[in-house]
Amino acid sequence: MINNSLQKNQPGRAKLWAPRFNNLLKTILLTCAAATFVVLAGCSLSDYFPYAEGTPTPSPTYTEAPSPTLTSTPTPTNTPTPTNTPTPTNTPTPTPTNTPTPTPNAAPSFVLNGKSKEYVKIGKTYTDPGVSAYDDFDGDITDKVVTESDVDVNTVGTYEVKYTVADKEGQESTLTRTVYVYKKLVYLTFDDGPCVHTSKLLDLLRENYPDVKVTFFVTAQEPEYLDLIKQEYADGHTVALHTYIHDYDVVYASREGYFEDLKKMEDTVYDLIGIRPNIIRFPGGSSNTVSKKYCTGIMSYLTKEVLNRGYIYYDWNVAAGDTTGKMQTPEKYFKSVTDNGTAYCIAKKDISVILQHDININSINAVPLIIEWCKERDYTLLPLDETSPIIRHSVVNN
(Lines give C-alpha, C1' and ligand atoms only; values in the text may rest on other atoms or scores of the structure.)
Protein backbone atom coordinates (compact mmCIF):
# COMPACT_ATOMS: atom_id res chain seq x y z
CA MET A 1 0.00 0.00 0.00
CA ILE A 2 1.28 3.47 -0.81
CA ASN A 3 0.32 6.44 1.32
CA ASN A 4 0.54 9.90 -0.02
CA SER A 5 0.04 13.57 0.54
CA LEU A 6 -1.50 14.12 -2.87
CA GLN A 7 -4.04 16.83 -3.67
CA LYS A 8 -5.31 15.44 -6.92
CA ASN A 9 -6.68 18.64 -8.39
CA GLN A 10 -3.90 20.88 -7.15
CA PRO A 11 -0.71 21.22 -9.17
CA GLY A 12 2.35 20.93 -6.98
CA ARG A 13 4.52 18.36 -5.26
CA ALA A 14 3.33 15.29 -3.38
CA LYS A 15 5.17 12.53 -1.53
CA LEU A 16 4.37 8.86 -1.91
CA TRP A 17 5.15 6.47 0.93
CA ALA A 18 5.04 2.67 0.88
CA PRO A 19 4.81 1.19 4.37
CA ARG A 20 5.81 -2.11 2.91
CA PHE A 21 9.20 -0.61 2.13
CA ASN A 22 9.16 1.86 5.04
CA ASN A 23 10.56 4.49 2.77
CA LEU A 24 9.81 7.55 0.72
CA LEU A 25 9.53 6.27 -2.81
CA LYS A 26 9.13 9.35 -4.91
CA THR A 27 8.25 13.00 -4.89
CA ILE A 28 5.75 13.71 -7.65
CA LEU A 29 5.38 17.01 -9.44
CA LEU A 30 1.76 17.43 -10.62
CA THR A 31 1.38 19.60 -13.62
CA CYS A 32 -2.27 18.85 -14.35
CA ALA A 33 -5.21 16.89 -13.02
CA ALA A 34 -5.12 14.28 -15.74
CA ALA A 35 -5.51 10.66 -14.70
CA THR A 36 -2.10 9.10 -14.16
CA PHE A 37 -0.75 5.96 -12.59
CA VAL A 38 2.77 5.82 -11.12
CA VAL A 39 4.32 2.37 -11.54
CA LEU A 40 6.94 1.52 -8.94
CA ALA A 41 9.18 -1.42 -9.65
CA GLY A 42 8.87 -4.34 -7.28
CA CYS A 43 5.23 -3.61 -6.21
CA SER A 44 2.02 -5.37 -7.16
CA LEU A 45 -0.95 -3.44 -8.52
CA SER A 46 -2.54 -3.42 -5.10
CA ASP A 47 0.50 -1.51 -3.85
CA TYR A 48 0.12 1.32 -6.30
CA PHE A 49 -1.55 4.50 -5.36
CA PRO A 50 -3.76 5.55 -8.26
CA TYR A 51 -4.32 9.21 -8.18
CA ALA A 52 -6.61 9.37 -11.20
CA GLU A 53 -9.92 11.11 -10.87
CA GLY A 54 -12.50 9.04 -8.95
CA THR A 55 -10.02 6.60 -7.47
CA PRO A 56 -10.48 6.17 -3.73
CA THR A 57 -7.51 7.08 -1.56
CA PRO A 58 -6.59 4.38 0.94
CA SER A 59 -6.23 5.36 4.55
CA PRO A 60 -2.68 5.77 5.78
CA THR A 61 -1.43 3.11 8.14
CA TYR A 62 0.83 5.48 10.06
CA THR A 63 1.11 9.15 10.71
CA GLU A 64 3.65 11.23 8.90
CA ALA A 65 4.59 14.85 9.14
CA PRO A 66 2.75 17.00 6.61
CA SER A 67 4.75 17.86 3.54
CA PRO A 68 5.12 21.44 2.36
CA THR A 69 3.43 22.42 -0.86
CA LEU A 70 4.48 24.85 -3.54
CA THR A 71 1.84 27.40 -2.54
CA SER A 72 2.87 30.61 -0.85
CA THR A 73 2.92 30.60 2.92
CA PRO A 74 0.54 33.13 4.49
CA THR A 75 2.13 35.87 6.56
CA PRO A 76 0.96 35.70 10.17
CA THR A 77 -0.96 38.74 11.34
CA ASN A 78 -1.35 40.37 14.74
CA THR A 79 1.86 38.78 15.89
CA PRO A 80 3.04 40.79 18.85
CA THR A 81 6.43 42.43 18.33
CA PRO A 82 8.66 42.23 21.39
CA THR A 83 9.60 45.62 22.73
CA ASN A 84 12.47 46.83 24.93
CA THR A 85 14.55 43.80 24.03
CA PRO A 86 17.98 44.59 25.36
CA THR A 87 20.76 44.55 22.78
CA PRO A 88 23.80 42.73 24.08
CA THR A 89 26.88 44.87 24.14
CA ASN A 90 30.58 43.95 24.36
CA THR A 91 29.77 40.32 23.81
CA PRO A 92 33.11 38.60 23.40
CA THR A 93 33.62 36.71 20.19
CA PRO A 94 34.70 33.18 20.97
CA THR A 95 38.22 32.46 19.78
CA PRO A 96 38.66 29.00 18.27
CA THR A 97 41.21 26.91 20.06
CA ASN A 98 43.41 24.12 18.72
CA THR A 99 42.70 25.17 15.18
CA PRO A 100 45.04 23.10 13.03
CA THR A 101 47.55 25.07 11.02
CA PRO A 102 47.54 24.07 7.37
CA THR A 103 50.61 21.98 6.59
CA PRO A 104 52.79 23.69 4.00
CA ASN A 105 53.92 21.82 0.94
CA ALA A 106 57.04 19.74 1.48
CA ALA A 107 60.37 21.42 0.79
CA PRO A 108 62.18 20.36 -2.39
CA SER A 109 64.20 17.14 -2.34
CA PHE A 110 67.60 16.28 -3.82
CA VAL A 111 69.00 13.27 -5.61
CA LEU A 112 72.78 13.26 -5.25
CA ASN A 113 74.71 12.24 -8.34
CA GLY A 114 77.82 10.28 -7.45
CA LYS A 115 78.82 9.68 -3.84
CA SER A 116 78.42 11.84 -0.75
CA LYS A 117 82.22 11.94 -0.51
CA GLU A 118 84.61 12.43 -3.40
CA TYR A 119 88.39 11.90 -3.44
CA VAL A 120 90.69 13.95 -5.63
CA LYS A 121 94.43 13.47 -6.03
CA ILE A 122 96.18 16.81 -5.49
CA GLY A 123 96.67 18.73 -8.71
CA LYS A 124 94.02 16.76 -10.58
CA THR A 125 90.86 18.30 -12.01
CA TYR A 126 87.69 17.96 -9.97
CA THR A 127 84.38 17.84 -11.84
CA ASP A 128 81.44 17.89 -9.48
CA PRO A 129 78.79 15.25 -10.32
CA GLY A 130 76.02 17.67 -9.28
CA VAL A 131 72.51 16.93 -8.06
CA SER A 132 68.94 16.73 -9.29
CA ALA A 133 66.18 18.60 -7.45
CA TYR A 134 62.43 17.96 -7.36
CA ASP A 135 59.38 19.59 -5.81
CA ASP A 136 55.91 18.14 -5.21
CA PHE A 137 54.21 20.94 -7.13
CA ASP A 138 56.93 22.50 -9.27
CA GLY A 139 58.33 19.21 -10.55
CA ASP A 140 61.93 19.10 -11.75
CA ILE A 141 63.66 22.25 -10.49
CA THR A 142 67.24 21.15 -11.08
CA ASP A 143 67.82 24.32 -13.10
CA LYS A 144 67.10 26.34 -9.94
CA VAL A 145 69.92 24.74 -7.91
CA VAL A 146 72.65 27.09 -6.71
CA THR A 147 76.05 25.41 -6.17
CA GLU A 148 78.73 26.81 -3.88
CA SER A 149 82.17 25.20 -3.69
CA ASP A 150 85.43 25.99 -1.97
CA VAL A 151 87.39 23.05 -3.42
CA ASP A 152 91.06 23.85 -4.08
CA VAL A 153 92.61 20.93 -5.92
CA ASN A 154 96.10 22.33 -5.36
CA THR A 155 95.89 22.20 -1.57
CA VAL A 156 95.44 19.11 0.59
CA GLY A 157 92.33 19.43 2.69
CA THR A 158 88.70 18.58 3.32
CA TYR A 159 86.25 20.70 1.33
CA GLU A 160 82.53 21.12 0.96
CA VAL A 161 80.23 21.56 -2.00
CA LYS A 162 76.88 23.06 -0.99
CA TYR A 163 73.71 22.83 -3.06
CA THR A 164 70.70 25.08 -2.40
CA VAL A 165 67.30 25.19 -4.08
CA ALA A 166 63.97 26.89 -3.31
CA ASP A 167 60.47 26.25 -4.66
CA LYS A 168 57.94 28.89 -5.74
CA GLU A 169 56.66 29.16 -2.18
CA GLY A 170 60.13 30.05 -0.96
CA GLN A 171 60.75 26.76 0.85
CA GLU A 172 64.47 26.02 0.71
CA SER A 173 66.51 22.84 0.88
CA THR A 174 70.27 22.38 1.15
CA LEU A 175 72.60 19.44 0.65
CA THR A 176 76.36 19.11 1.02
CA ARG A 177 79.06 16.86 -0.43
CA THR A 178 82.49 16.37 1.13
CA VAL A 179 85.53 16.47 -1.13
CA TYR A 180 88.96 15.26 0.01
CA VAL A 181 92.00 16.58 -1.85
CA TYR A 182 94.88 14.26 -0.93
CA LYS A 183 98.49 13.36 -1.59
CA LYS A 184 97.95 9.85 -0.26
CA LEU A 185 94.95 8.21 1.41
CA VAL A 186 95.72 6.00 4.40
CA TYR A 187 93.22 3.70 6.13
CA LEU A 188 94.31 2.09 9.40
CA THR A 189 92.29 -1.10 9.98
CA PHE A 190 92.43 -3.56 12.89
CA ASP A 191 91.19 -7.16 12.81
CA ASP A 192 90.26 -9.75 15.45
CA GLY A 193 89.42 -7.55 18.45
CA PRO A 194 88.14 -6.32 20.72
CA CYS A 195 90.58 -7.70 23.26
CA VAL A 196 92.63 -6.71 26.28
CA HIS A 197 94.75 -4.29 24.19
CA THR A 198 91.90 -2.54 22.36
CA SER A 199 91.25 -0.04 25.15
CA LYS A 200 94.89 1.12 24.94
CA LEU A 201 94.52 1.80 21.23
CA LEU A 202 91.27 3.70 21.80
CA ASP A 203 92.83 5.76 24.57
CA LEU A 204 95.92 6.80 22.60
CA LEU A 205 93.80 7.79 19.60
CA ARG A 206 91.33 9.77 21.72
CA GLU A 207 93.98 11.55 23.77
CA ASN A 208 96.68 12.18 21.17
CA TYR A 209 95.00 11.99 17.74
CA PRO A 210 91.32 12.89 18.14
CA ASP A 211 91.15 13.78 14.43
CA VAL A 212 92.28 10.30 13.35
CA LYS A 213 89.57 7.68 12.97
CA VAL A 214 90.27 4.04 12.17
CA THR A 215 88.30 0.91 11.29
CA PHE A 216 87.75 -2.09 13.56
CA PHE A 217 86.80 -5.42 11.94
CA VAL A 218 85.36 -7.02 15.04
CA THR A 219 84.90 -10.57 16.26
CA ALA A 220 83.46 -12.23 19.39
CA GLN A 221 86.55 -14.32 20.13
CA GLU A 222 86.89 -12.69 23.54
CA PRO A 223 83.32 -11.96 24.63
CA GLU A 224 84.42 -10.31 27.88
CA TYR A 225 85.68 -7.36 25.81
CA LEU A 226 82.69 -6.97 23.50
CA ASP A 227 81.55 -3.82 25.30
CA LEU A 228 84.58 -2.02 23.85
CA ILE A 229 82.69 -2.00 20.56
CA LYS A 230 80.47 0.65 22.15
CA GLN A 231 83.52 2.82 22.81
CA GLU A 232 84.85 2.30 19.30
CA TYR A 233 81.55 3.54 17.91
CA ALA A 234 81.20 6.40 20.41
CA ASP A 235 84.68 7.67 19.50
CA GLY A 236 83.69 7.95 15.83
CA HIS A 237 85.57 4.97 14.47
CA THR A 238 84.07 2.61 11.91
CA VAL A 239 82.79 -0.65 13.36
CA ALA A 240 82.84 -3.33 10.66
CA LEU A 241 82.19 -7.08 10.66
CA HIS A 242 84.91 -9.74 10.53
CA THR A 243 83.60 -13.00 11.96
CA TYR A 244 81.97 -14.26 15.14
CA ILE A 245 84.10 -17.30 15.89
CA HIS A 246 87.09 -16.94 13.48
CA ASP A 247 87.51 -20.70 13.15
CA TYR A 248 88.08 -21.39 9.47
CA ASP A 249 86.77 -24.95 9.72
CA VAL A 250 83.45 -23.56 10.96
CA VAL A 251 83.20 -20.31 9.00
CA TYR A 252 84.13 -21.89 5.65
CA ALA A 253 82.53 -25.30 6.16
CA SER A 254 79.65 -24.31 3.91
CA ARG A 255 78.01 -21.32 2.25
CA GLU A 256 75.24 -21.35 4.81
CA GLY A 257 77.76 -21.69 7.64
CA TYR A 258 79.56 -18.52 6.57
CA PHE A 259 76.39 -16.41 6.57
CA GLU A 260 75.21 -17.87 9.86
CA ASP A 261 78.47 -16.79 11.47
CA LEU A 262 78.33 -13.34 9.84
CA LYS A 263 74.71 -12.81 10.91
CA LYS A 264 75.56 -13.79 14.47
CA MET A 265 78.29 -11.14 14.60
CA GLU A 266 76.01 -8.59 12.96
CA ASP A 267 73.32 -9.24 15.57
CA THR A 268 75.89 -8.91 18.35
CA VAL A 269 77.01 -5.51 17.07
CA TYR A 270 73.43 -4.38 16.64
CA ASP A 271 72.63 -5.29 20.24
CA LEU A 272 75.59 -3.18 21.37
CA ILE A 273 75.35 -0.04 19.25
CA GLY A 274 72.00 -0.21 17.46
CA ILE A 275 73.31 -0.34 13.90
CA ARG A 276 73.96 -3.16 11.44
CA PRO A 277 77.30 -2.58 9.71
CA ASN A 278 77.46 -3.43 6.03
CA ILE A 279 81.25 -3.25 5.72
CA ILE A 280 82.92 -6.64 6.16
CA ARG A 281 86.26 -8.41 5.80
CA PHE A 282 86.55 -12.13 5.15
CA PRO A 283 88.67 -14.11 7.61
CA GLY A 284 91.96 -14.54 5.77
CA GLY A 285 90.79 -12.07 3.10
CA SER A 286 88.96 -12.82 -0.12
CA SER A 287 92.13 -14.38 -1.54
CA ASN A 288 92.47 -16.98 1.22
CA THR A 289 93.22 -20.54 0.19
CA VAL A 290 92.57 -22.18 3.56
CA SER A 291 88.83 -22.19 2.76
CA LYS A 292 89.51 -24.62 -0.09
CA LYS A 293 90.35 -27.24 2.51
CA TYR A 294 86.75 -27.09 3.76
CA CYS A 295 84.64 -26.07 0.76
CA THR A 296 86.04 -25.87 -2.75
CA GLY A 297 85.04 -22.78 -4.67
CA ILE A 298 83.34 -21.11 -1.70
CA MET A 299 85.15 -17.78 -2.09
CA SER A 300 83.95 -17.34 -5.67
CA TYR A 301 80.42 -17.71 -4.38
CA LEU A 302 80.80 -15.60 -1.22
CA THR A 303 82.50 -12.63 -2.87
CA LYS A 304 79.51 -12.27 -5.17
CA GLU A 305 76.78 -13.18 -2.71
CA VAL A 306 77.82 -10.71 0.01
CA LEU A 307 77.46 -7.91 -2.54
CA ASN A 308 74.04 -9.22 -3.53
CA ARG A 309 73.04 -9.05 0.13
CA GLY A 310 74.11 -5.42 0.50
CA TYR A 311 77.51 -5.82 2.13
CA ILE A 312 80.74 -4.17 0.97
CA TYR A 313 83.93 -6.14 1.54
CA TYR A 314 87.42 -4.72 1.89
CA ASP A 315 90.76 -6.50 1.79
CA TRP A 316 94.11 -4.72 2.25
CA ASN A 317 97.15 -3.80 0.19
CA VAL A 318 99.57 -3.06 3.05
CA ALA A 319 100.19 -5.41 6.00
CA ALA A 320 102.12 -4.98 9.24
CA GLY A 321 102.82 -8.72 9.39
CA ASP A 322 101.83 -8.72 13.04
CA THR A 323 100.35 -12.25 13.16
CA THR A 324 103.16 -14.14 11.45
CA GLY A 325 106.20 -15.48 13.23
CA LYS A 326 107.42 -14.14 16.54
CA MET A 327 106.53 -10.79 18.06
CA GLN A 328 108.40 -7.89 16.46
CA THR A 329 109.26 -4.46 17.83
CA PRO A 330 106.95 -1.49 17.19
CA GLU A 331 109.67 -0.05 14.95
CA LYS A 332 109.69 -3.20 12.85
CA TYR A 333 105.92 -3.04 12.32
CA PHE A 334 106.19 0.66 11.58
CA LYS A 335 108.79 -0.03 8.89
CA SER A 336 106.71 -2.82 7.38
CA VAL A 337 103.80 -0.44 6.97
CA THR A 338 105.44 2.79 5.87
CA ASP A 339 108.44 1.93 3.67
CA ASN A 340 109.59 -1.67 3.54
CA GLY A 341 111.36 -1.53 0.21
CA THR A 342 108.57 -3.36 -1.62
CA ALA A 343 105.50 -2.26 -3.52
CA TYR A 344 103.30 -3.11 -0.53
CA CYS A 345 103.77 -0.09 1.70
CA ILE A 346 102.38 3.42 2.07
CA ALA A 347 105.39 4.98 0.36
CA LYS A 348 104.60 3.13 -2.86
CA LYS A 349 100.83 3.55 -3.00
CA ASP A 350 98.43 6.44 -3.46
CA ILE A 351 95.75 4.60 -1.48
CA SER A 352 96.75 2.28 1.38
CA VAL A 353 94.41 0.03 3.36
CA ILE A 354 96.61 -1.27 6.16
CA LEU A 355 96.03 -4.57 7.92
CA GLN A 356 96.93 -4.63 11.63
CA HIS A 357 95.63 -6.57 14.62
CA ASP A 358 94.73 -5.04 17.95
CA ILE A 359 95.45 -8.40 19.57
CA ASN A 360 99.16 -7.55 19.10
CA ILE A 361 100.35 -4.99 21.65
CA ASN A 362 103.46 -4.01 19.69
CA SER A 363 101.42 -3.44 16.58
CA ILE A 364 99.35 -1.01 18.66
CA ASN A 365 102.55 0.60 19.93
CA ALA A 366 103.54 1.19 16.31
CA VAL A 367 100.38 3.22 15.61
CA PRO A 368 101.69 6.60 16.92
CA LEU A 369 104.81 6.15 14.78
CA ILE A 370 102.71 5.47 11.68
CA ILE A 371 100.37 8.42 12.33
CA GLU A 372 103.22 10.88 12.92
CA TRP A 373 104.99 9.71 9.78
CA CYS A 374 101.80 10.24 7.72
CA LYS A 375 101.07 13.65 9.23
CA GLU A 376 104.60 14.88 8.54
CA ARG A 377 103.99 14.15 4.86
CA ASP A 378 100.50 15.66 4.79
CA TYR A 379 98.85 12.31 4.07
CA THR A 380 95.11 11.94 4.73
CA LEU A 381 94.08 9.37 7.37
CA LEU A 382 90.45 8.21 7.18
CA PRO A 383 88.16 5.40 8.37
CA LEU A 384 86.55 3.13 5.81
CA ASP A 385 82.96 3.79 4.80
CA GLU A 386 80.65 3.09 1.86
CA THR A 387 82.33 5.80 -0.23
CA SER A 388 85.94 4.68 0.28
CA PRO A 389 87.98 3.48 -2.70
CA ILE A 390 87.66 -0.29 -3.01
CA ILE A 391 90.71 -2.43 -2.27
CA ARG A 392 90.19 -6.14 -3.03
CA HIS A 393 92.28 -9.20 -3.75
CA SER A 394 91.94 -11.66 -6.59
CA VAL A 395 89.92 -14.71 -5.61
CA VAL A 396 92.06 -17.88 -5.51
CA ASN A 397 89.63 -20.48 -4.15
CA ASN A 398 87.37 -20.44 -7.19
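## Helix α1 and its buried side

Helix α1 spans residues 198-208, and its buried residues are T198, L201, L202, L204 and L205. Buried here means under 20% relative accessible area, exposed means over 50%, and partly exposed lies in between, with a 1.4 Å probe and protein chains only. These residues sit on the same side of α1, because they cover an arc of only 165° around the axis; the arc is that of the directions from the helix axis to the C-beta atoms.

What does this side pack against? The buried residues of α1 pack against strands β11 (185-191) and β12 (215-218), and against helices α2 (228-234), α7 (361-365) and α8 (367-376). Contact means heavy atoms within 4.5 Å. Helices (H or I, at least four residues) and strands (E, at least two) are DSSP runs, numbered from the N terminus.

## About the model

This is a predicted model, in which local features need pLDDT of at least 70 and side-chain atom pairs count only at pLDDT 80 or more, while totals for chains, interfaces and linings use all residues. Residues are numbered from 1 along each chain as its sequence is written, and side-chain values use heavy atoms, with hydrogens and water left out.

## The chain as a whole

The protein chain has eight helices and 18 strands. Of its 398 residues, 42% count as buried. Among contacts in the protein chain with a separation of 6 or more, 68% are between residues 24 or more positions apart.

## Aromatic pairs

A search of the whole structure finds eight aromatic pairs. Rings of Phe, Tyr and Trp (its six-membered ring) pair if their centres lie within 6.5 Å; planes under 30 degrees apart count as stacked, over 60 as edge-to-face and the rest as tilted. Y248 and Y252 are stacked, because their ring centres are 6.0 Å apart and their planes are at 5°. Y248 is partly exposed at 26% relative accessible area, whereas Y252 is buried at 0%.

Y258 and F282 form a tilted pair, with 5.5 Å from centre to centre and 40° between the planes. This pair links distant parts of the chain, 24 residues apart: Y258 lies in helix α4 (residues 255-273), and F282 in the loop between β14 (279-280) and α5 (298-308). Both Y258 and F282 are buried. Ring pairs also link Y248, Y252, Y258, F259, F282 and Y313 into a cluster.

## Charges over rings

The charged end of R255 sits over the ring of Y301, 3.9 Å from its centre. Likewise, the charged end of R276 sits over the ring of Y270, at 4.3 Å from its centre. The criterion is NZ of Lys or CZ of Arg within 6 Å of the ring centre and within 35 degrees of the ring normal.
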